[in-house]
Amino acid sequence: MSIATTQKRGFGAVLWDYLTTVDHKKVGILYLIGGGFFFLLGGLEALIIRIQLIKPENDFISAGLYNEMITMHGTTMIFFAATPILFGLMNYVMPLQIGARDVAFPFLNSLGFWLFFSGGVLLNLSWFTGAPDAGWTNYAPLSLQSPGHGIDYYVMGLQLSGAGTLMSGINFLVTIVTMRAPGMTYMRMPLFSWTTFVTSILTLFAFPALTVGLFLMMFDRMFGTAFFDVALGGNSIIWQHLFWIFGHPEVYILILPAFGIFSEIIPTFARKRLFGYTAMVFATFLIAFLGFMVWAHHMFTVGLGPVANSIFAVATMAIAVPTGIKIFNWLLTLWGGSITINSAMLWTLAFIPSFTIGGMTGVMLGSSVADYQYHDTYFVVAHFHYVIVGGVVFAILAAMHYWWPKMFGRMLHEGMGKLAFWTFFIGFHLTFFIQHFLGLMGMPRRYWVFLENQGLDTGNLISTIGAFFMTFGVLVFLINVVYTAVKGEKAPADPWDARTLEWTISSPPAHYNFKQLPLVRGLDPLWIEKTEGNGKMIPAEPLDEIHMPNGSILPLIMTFGFFIASLGFIYQSDHKAWLLVVYVGMAIALGTMLIRSLKDDHGHHITKEELEREDD
């Protein structure tokens, strides 16, 4: 189907297309829409938290609602905003960068998205019945004793979305290992594809720990077991271990793709090859490896003893080395480059000092003796947000400006892009820089109110004003998106004069990506062809028919079954009739699996004649 006909279809046809799609690009856009929605929700929760803390002894919201707000803000931002938006970018860009026509398992890709999205919807249904209130880390025994079903929604929502994330990780790994274009050796892959690969390995090893923890929590809360109940012989510290064995690698699941994004943007706009490519690849692996060695630095005050604390402190400090390698390589790529400053580059340049501050305070927190003072104060909140906002959110916004023309065929408005950048950037530092000092002055985190005459008034006021600046920046970005959709200028295939394979095809790409798979002759393959005067890739194969998968509604139906079953699990402790709902949900899910197993779907072929017609 040509691009002209797709633009003329009605809303119903487009909706059906997205509900049934297995195309990695459309699944990527679904992730961006779903993650973007939860990002706005999490941002709204953050704003409510900051309004509550704008002055001493404020009563804007109640203590109970405040606990729900901080729990839902953290959970939403980590699990349902940052991770899926990055997975959306990986989904869209990585197959294009390695010269593949789709991901290895398109059906699984679609199922992964719907599981993530249904998990987010399930969690947010809890607002109507009482949201989880034990913090985003959900520590036992607090989470075991929380009344109502808030924690149950947390457990089931994260189970669903975690299963989807795990599927995506496996899918990306297999895609990179088996589907690279001819000549695309591992050491010719763009850094973003490398970070996707390493992030997928992290996902594969980290998420099962969370899954196990959530299963044990589910059994404790819903079926009367005692894994975490000390009174019955359980151990509540085990939850912390399981959570952080997942939770610390999760930070790198977020930051490594961000590093990959900056490693694409800097060479493009500095017009230089990435400095120290090989060192960057090895540093990425080293960060991933060390990321599994440091989880108990979140537990320095638990009482694991001086030996354990010392080992984890040393491992924590060691992570600064590969991260430092990356920062210096970016700076050396910029050094002597012919630098273009635009919205994507502004976010990138702002990232380097912002993230470095986050890394520096991380080393401070990594000192187990000093951590006794910093622990559970606003110093930790400031550190964490400097890493996640100053690293991950800046990267997401940089990537949006950089890849938007490729994804949607239109250029985002530069003026609005810069306005969004400056207001968000200033607001970010206003909000979180001052929190370091609030923490050092002794302000504990997760507290509903603070008292007068403790020297905390001005700092909190500044912090809240900063939050409004950030909100304004996000609103400008949203207006930019709408404006671009209506009036944005059309994007050429290669608007940035870039270096990698995704810029060799039309914007947006055809659903088969590459008419003929490209022949890759080195790192930055498009740049090599440009320097030799070709300007376009040499095909690695003759023009022939292309085999593509068919769309399917089954992933959505299967997810719906699991969603229904999850609701049944949450309420079966109230009334045994809810067990029927579990059976119905599982029957739908397993029945769909059976249909998928028994029904052969061989996909479809795009003939050589159709491909030749597209050229006209």
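Asn138 is buried in this predicted model, its relative accessibility coming to 0%, and the residue belongs to the loop that runs between H5 and H6. The backbone at Asn138 has a phi near 55 degrees, which is a positive value in a residue other than glycine. The loop between helix H5 (106-125) and helix H6 (142-145) also holds Pro141, and the peptide bond that leads from Ala140 into Pro141 is cis, with omega near 5 degrees.

A positive phi is also found at Arg446, where the angle is about 65 degrees although the residue is not a glycine. Arg446 is placed in the loop between helix H16 (414-440) and H17, and with a relative accessible area of 34% this residue is partly exposed. A cis peptide bond likewise joins Ser507 to Pro508, here with omega near -10 degrees, and Pro508 lies in the loop that connects H17 with helix H18 (525-531).

Within helix H17 (residues 457-487) the reader can turn to Asn460, which has a relative accessible area of 0% and is therefore buried, since that term applies under 20%. When residues up to four places away in sequence are not counted, Asn460 touches Arg50, Leu53, Leu438, Met443 and Phe450.

Because Phe205 lies in helix H8 (residues 191-223) while Phe292 belongs to the loop between helix H10 (277-291) and helix H11 (306-318), the pair ties together parts that are 87 residues apart in sequence. Phe205 is exposed, with a relative accessible area of 56%, whereas Phe292, at 23%, is partly exposed. Tyr374 and Phe379 form an aromatic pair that is stacked, with 4.6 Å from centre to centre and 15 degrees between the planes, and both Tyr374 and Phe379 are buried.

On the surface, a nonpolar patch is made up of Phe275, Phe328, Leu331, Leu332 and Trp335, which together have about 560 Å² of accessible area. Of these residues, Phe328 is found in helix H12 (residues 320-334) and is exposed, because its relative accessible area of 55% is over the 50% that the term requires.

Helix H10 contains Ala279, a residue that counts as partly exposed at 35% relative accessibility. Leaving aside the neighbours within four places in sequence, Ala279 is in contact with Ile325 and Asn329. Ala279 and Pro495, in turn, are 216 residues apart in sequence, and their C-alpha atoms are 29 Å apart in space.

Conventions. Residues numbered from 1 in each chain as written. Predicted model: local features only at pLDDT ≥ 70, side-chain atom pairs only at ≥ 80, totals over all residues. Heavy atoms only, no water. Helix = DSSP H or I, 4+ residues; strand = E, 2+ residues; numbered from the N terminus. Buried < 20%, exposed > 50% of the residue type's maximum accessible area, 1.4 Å probe, protein only. Phe/Tyr/Trp six-rings, centres within 6.5 Å; stacked < 30°, edge-to-face > 60°. Contact = heavy atoms within 4.5 Å. Patch = residues over 30% accessible without salt bridge, like charges linked within 9 Å, V, L, I, M, F, W, Y side chains within 5 Å. Areas by Shrake-Rupley, 256 points an atom, 1.4 Å probe, with all protein chains shown as cover. Salt bridge = Lys/Arg side-chain N within 4 Å of Asp/Glu carboxyl O.
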